[in-house]
Amino acid sequence: MSKLLTVKNLCISAKSDKETVDIISDVSFSLKKGEMFAIVGESGSGKSITALSIMGLLPKNFYISSGRIEFNGKDLIDISTKERRNIIGSKISMIFQDPLTALNPLLTIGFQVSENLITHGKMKKKDALEESAKLLEKVGITNSRERLSSYPHQLSGGMRQRVMIASAISMSPELLIADEPTTALDVTVQASIMRLIKKLCKDNDSSLMLISHNLSLVKNTCSSVAVMYSGSIQESGLCEDVLTNPLHPYTKMLISCLPKMDSSEKLISISGTPPAPSERPNGCSFNPRCPNATDICRKKTPELKEVKKGHFVKCFNLEGNQ
Amino acid sequence: MIEPLIKTVKLKKYYSVSSGSFFNRKKTIVKAVDGVSIKIQKKETLGILGESGCGKTTLGRLILNLIKPTSGKILYNGSPIQNINPELQIIFQDPYSSLDPSMTIEESLNEPMVVNGIERLEREKRINNLLDNIGFSKNILSRYPHQFSGGQRQRIVIARALTLKPSFVVADEPVSALDVSIQAQILNLLKDLREIYSLSYLFISHDLSVVKYISDRIAVMYKGKILEEGNSDDICTNPVHPYTRLLISSLPEYYSQHEDSKEIEREEKGNCVFYHRCPFADNKCENAESIKFKLLDNNHKVRCLKAKKFYQTKKSG
């Protein structure tokens, strides 16, 4: 299968009045057509910034300092704004975390869903609204025709997220980026939204890039995963490798600190807190919290090594961890 | 029988909400908590599980007497609670907004004790003891909240709740604002403190696996009513109420088993609060006068007409 998206050695920095801080360092991954890929990590690990950089939506003081992002063989960084506009929204689209802030409160649902169809699909307004109603039905909103004229505040959180999804899939994008699509929602709604996203990706043969902090959600949705910590990928590979046989101490501990339904053993917690981007330690960024850290971990930064076909780990101490 | 530490009897809290246009105001009554009777024994943790808007936070605040109930009684050690009782404390969800940013940690920790007239020496003793137990050194006392991360702040908030030596603490979603790696630290801390200070918790959360980890018993709430209550293991391994089952099948771990479970939506009717989403509801449910708790074994209570039938088919199947 051909590569749909390739991110290579991506580095992102943030400029402030005083200093320049590296936010993302050396992140590489690729997505095949139809693949379900996930990035997991805690807040501040850089997972959302990675997604935003693909969309070209980085905050003002952030910039890509090196690396490449290729979509269908086309570079997405040095592209003109006009060209980018043709791709974003039609070939790549994104579902944001908080449906309340991502929808414009002053515009009707119909306007916001049909906007994409009018700009990218070159549809007439009347046809676009017709199509929007169909899309809303597809994502499970009843009375879709009446809903077109409602405003976001008239809908519940789950319904708003469905509207976001409807507008994101309106052009059957090749890549759908979902940034924590269910974090703001109740569990029962979460389940149905995830089912919906999975089904739509399958129907359209789209690839999914899911950004999440929920390991079990990732395990049950995606086929491959990258674990991010402190701005770089620590471990990546197929879900069955990374999440069932983790090799990096961070991944291992992250899994063991989740309460399990079928056991009541005491949770293993990771001591300390993730470092702020400006206070990252020398050497491996996880070393202050790692139980097996040795001298080399404090001095040198490990590289992402392939330990098994397709399973990459960034750690010096692999033998000690097995 | 031993007197429970906390007991509520048919606790109700109704709010009236006006809606509609300016000229066409309609008043509706929202039943935030609707006839909740719970008992919490000494050193016991009761987990309240529910989705947003089910009334779990209102229930916690009612018990502390932070809001006045519409009707019903709350008994602490057998006697009704008057005013705000320092032996009952609360830990809030958001550690960023529950510490005063202009007060040092020492001032924050001292404030409840000063208000309750505790002497300086005793205050220092308690603070030192608490800092030991939450894993901080003394030099954090002169710092301000913004110098701490979310998990550290939550630990300080927990210490502050314990300064008055409470016997009962309401923990209102204490870990939902935290990252997974920090969440485990706080859960373990709460468990340890329960042993050290012989505390009872009312642990409110929407996360089933978290509730199960910390609670002895779980009560599942929906639209102001408790639908199922029992030992945590019973609720998690042998859920009976259709709503509890829906909650459990919504966990990503169980997606594959329930991939095609249907979502039902029908009109709200009758007295069962879950009727409009229940896949098993029929005419009987619609016309039932009132849905009472059915007692299965082992203190496992379920508010469903078909509880016995579900329970038996589960047992035999």
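Two residues are in contact if their C-beta atoms, placed from the backbone, lie within 7 Å. The model is predicted: local features need pLDDT of at least 70, side-chain atom pairs count only at pLDDT 80 or more, and totals for chains, interfaces and linings use all residues. Residues are numbered from 1 along each chain as its sequence is written, while chains are lettered from A and ligands numbered from 1 in the order in which they are written.

**View 1. Chain A as a whole.**
Chain A holds 13 helices and 12 strands; these are DSSP runs, numbered from the N terminus, with helices being H or I of at least four residues and strands E of at least two. Its radius of gyration is 21 Å, close to the 20 Å from the globule rule for 322 residues, so chain A is as compact as a globular protein of that length. That radius is taken over C-alpha atoms, and the rule is 2.2 Å times the number of residues to the power 0.38. The C-alpha trace spans about 65 × 50 × 40 Å along its principal axes. Of the contacts in chain A with a separation of 6 or more, 61% are between residues 24 or more positions apart. Buried residues make up 46% of the 322 residues. A residue counts as buried if 20 or more other C-beta atoms lie within 10 Å of its own, exposed if 12 or fewer, and partly exposed in between, with C-beta atoms placed from the backbone.

**View 2. The two domains of chain A.**
Domain 1 covers 3–91 + 174–189 + 201–321, and domain 2 covers 101–170. These bounds come from an automatic or database domain assignment. The domain centres, taken over C-alpha atoms, are separated by 31 Å. Eight residues of domain 1 and seven residues of domain 2 form the contact. The domain 1 side has five nonpolar, three polar and no charged residues. Here Ala, Val, Leu, Ile, Met, Phe, Trp, Tyr, Cys and Pro are nonpolar, Asp, Glu, Lys and Arg are charged, and the others, Gly among them, are polar.

**View 3. A four-stranded sheet in chain A.**
The sheet is open, runs in the order β2-β1-β4-β5 and has antiparallel pairing. Two strands pair if DSSP finds at least two bridges between them. At the edges are β2 (20–32) and β5 (74–75), each pairing on one side only. Strand β1 (residues 3–15) is joined to β4 (residues 62–71) by eight bridges. A:V7 sits opposite A:I69 of β4(A).

**View 4. Helix α4 of chain A.**
Helix α4 spans residues 109–119, and its buried residues are A:I109, A:G110, A:Q112, A:V113, A:S114, A:N116 and A:L117. The cover over them includes α5 (125–138), α6 (144–147) and α7 (157–169) of chain A.

**View 5. Where chain A meets chain B.**
The contact draws 26 residues from chain A and 27 residues from chain B. On the chain A side, α8 (187–204) and α9 (215–221) are the elements that give two or more residues. The largest share, five residues, comes from α8(A). This side divides into 10 nonpolar, 11 polar and five charged residues.

**View 6. Chain B and B:N110.**
Chain B has 10 helices and 13 strands. Buried residues make up 42% of its 317 residues. B:N110 lies in helix α2 (residues 105–115) of chain B. B:N110 is buried, with 21 other C-beta atoms within 10 Å. B:N110 and B:A307 are 197 residues apart in sequence and 50 Å apart in space, C-alpha to C-alpha.
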